[in-house]
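This report describes the architecture of a single protein chain.

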Amino acid sequence: MKPHKKFFILSASIGSGHSQAARAVAEAIRMKHPGDSARVLDFLSGDSFSLDQLIKRSYLKMLDVFPIIYNRLYSNSQNRYLGNGVQSLLSWSFRRRMKRLIAALKPDALIFTHPFPACAANLLKKEGALSIPLLGVITDFDIHQLWIYKHLDGYCVPTQELADKLAAHGVPRSIIHTTGIPVRRAFYEERKRSPVREEGTVLIMGGGLGLGYITDTLKRLDKVKEIRRFIVITGQNISAYEEVALLRARLLHPVELHSYTNKVAQLMGRSDLLVTKPGALTCTEAFTMDLPMVLVNALPGQERANAAHLQEKGCAVWVKRGQLADTVRDILLHPEKRQKMADRCGPVIENSSGKIVDILYRMLEEQETKH
């Protein structure tokens, strides 16, 4: 009888998309291989005074207050030499924690949905201190230099275009797999049910960082008479939830308010339109549900790349805040336009998480064969 396998999917609590993708992969491991264990871990320390919390706070503050500076840093770090410098700094910063984690947990393989833990594991493998398979799962529609490593054993990417970009950075084609972005099976199941959309219902989501300007979005869209109701999901952002709760009594339209919920698939199934910042995971969940999107408040870097990709695909419109109300009004007034956007959501890569799990187990088999 084969011993049970232990897997850890490492994310970082910078936004909720990386963590949601990690949970989708863990869910698929448990379904396909119920005898094995899979746990999602936030790689960043909970210690308020740790170096990585300093990095996280600086990152969030820069996004919120100095987005132009962040955009410049993002662009510059795409330069191979500057990017390598940032990689080295992060790798050494996180190296000790990764070494302690591996010694304590003794995993059979590691899966990464964020580059921070991947960089530390890559360094340990380079040093010969680590030999287990390492699998990177990229959850954006753009490649950043921080994802380019020589010692990862596999990459799962959303699109063929991204696979081409990764190969252009020198990653061997043989270890790049186009799987789509992993979403939980609830979205595929809800889509197959063909849910009935509630006319004029607009779903608003703000992202896990709390930088989605939800109250501003509500105030602008409350002037659109074609809207019948709002559904608002604030996630784990308590301050956004409280702001919307105070605001909704003053709005013309009814607001159905949710904090963190595991019913996102059902709420998307009820909605005519999604208004959100372009986090790749939320947008992947939406086009799995054939839900047209209006993208607003895109953060610099990957989110702008995500927005450009989805607008080119035809399932989303990317707008500035001043254009938001008119754009939503136009889409709701023209059902044929909305249907065309819904049609452009496909084709969906079915069971992306399951494909990632199959790749993971093939990597394990190849390693066992070598030894």
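The sections below proceed from the sheets to the cores, and then to helix packing and local backbone features.

## Basis of the description

The structure is a predicted model. Every value quoted here is therefore computed from predicted coordinates, and local features are reported only where pLDDT is at least 70.

## The sheet containing β1

An open sheet of 6 strands is arranged in the order β2-β1-β3-β4-β5-β6, and its pairing is parallel. At the edges stand β2 (37–42) and β6 (176–178), each of which pairs on one side only. On average, neighbouring strands of this sheet are turned by 20° against each other, with direction ignored.

Strand β1 is joined to β2 by 6 bridges, the two strands running parallel. In this pairing, I9 has V40 of β2 as its bridge partner. With β3, β1 pairs in the parallel sense over 4 bridges, and L10 stands opposite F112 in β3. Because 5 of the 6 residues of β1 are buried, this strand is largely enclosed by the rest of the structure. Helix α1 (residues 17–32) lies across β1 and β2 and runs at about 165° to β1. Elsewhere in the sheet, strand β4 (residues 134–137) runs parallel to β5 and is joined to it by 3 bridges; L135 stands opposite G154 in β5.

## The sheet containing β10

A further open sheet of 6 strands has the order β9-β8-β7-β10-β11-β12, again with parallel pairing. Its edges are formed by β9 (255–258) and β12 (316–318); each has a single partner strand, so one side of each is left without a neighbour in the sheet. From one strand to the next, the twist averages 20°.

Within this sheet, strand β10 (residues 273–276) pairs with strand β11 (residues 293–295) in the parallel sense, over 3 bridges. One of the residues involved is L274, whose bridge partner in β11 is M293.

In soluble globular proteins, nonpolar side chains tend to be buried together. The largest nonpolar core of this model has 38 residues, of which L10, M98, L110, F112 and Y155 touch the most other members. At least two residues of this core come from each of β1 (6–11), α4 (80–105), β3 (109–112), α5 (115–127), β5 (154–157) and α6 (160–168). Another core, of 30 residues, lies apart from it and includes F141, I231, A265 and A316.

Which residues does L110 touch, not counting those up to four places away in sequence? They are F8, L10, M98, I102, I132, P133, L134 and L135. L10 and M98, in this set of contacts, are also among the residues that touch the most other members of the largest core.

## Packing of α13 and α14

Two packed helices are described by the angle between their axes and the distance between the axes. Helix α13 (residues 324–333) packs against helix α14 (residues 335–343) at an angle of about 95°, and their axes are 5 Å apart. This angle makes α13 roughly perpendicular to α14. The contact brings D330, I331, L332 and L333 of α13 against P335, K337, R338 and M341 of α14. By class, it comprises 5 nonpolar, no polar and 3 charged residues.

Is R338 buried or exposed? R338, which is found in helix α14, is buried, with a relative accessible area of 15%; the cut-off for buried is under 20%. Leaving aside neighbours within four places in sequence, R338 is in contact with D272, P292, I331 and L332. The C-alpha atoms of R338 and C315 are separated by 8.9 Å, although the two residues are 23 residues apart along the chain.

## Positive phi in loops

Two loop residues other than glycine have a positive phi value. For K106, phi is near 50°. K106 is found in the loop between α4 and β3 and is exposed, with a relative accessible area of 58%.

For N351, phi is near 55°. This residue lies in the loop between α14 and α15 (352–370). N351 counts as partly exposed, at 41% relative accessibility.

Methods: Residues are numbered from 1 along each chain as its sequence is written. This is a predicted model: local features need pLDDT of at least 70, side-chain atom pairs count only at pLDDT 80 or more; totals for chains, interfaces and linings use all residues. Side-chain values use heavy atoms; hydrogens and water are left out. A nonpolar core is a set of buried Ala, Val, Leu, Ile, Met, Phe, Trp, Tyr and Cys residues joined through side-chain atoms within 4.5 Å. Buried means under 20% relative accessible area, exposed over 50%, partly exposed in between (1.4 Å probe, protein chains only). Contact means heavy atoms within 4.5 Å. Axes are lines fitted to C-alpha atoms, for helices over the stretch in contact, and angles run from 0 to 180 degrees between N-to-C directions. Angles under 35 degrees count as roughly parallel, over 145 as roughly antiparallel, 65 to 115 as roughly perpendicular and the rest as oblique. Ala, Val, Leu, Ile, Met, Phe, Trp, Tyr, Cys and Pro count as nonpolar, Asp, Glu, Lys and Arg as charged, and the others, Gly among them, as polar. Two strands pair if DSSP finds at least two bridges between them.
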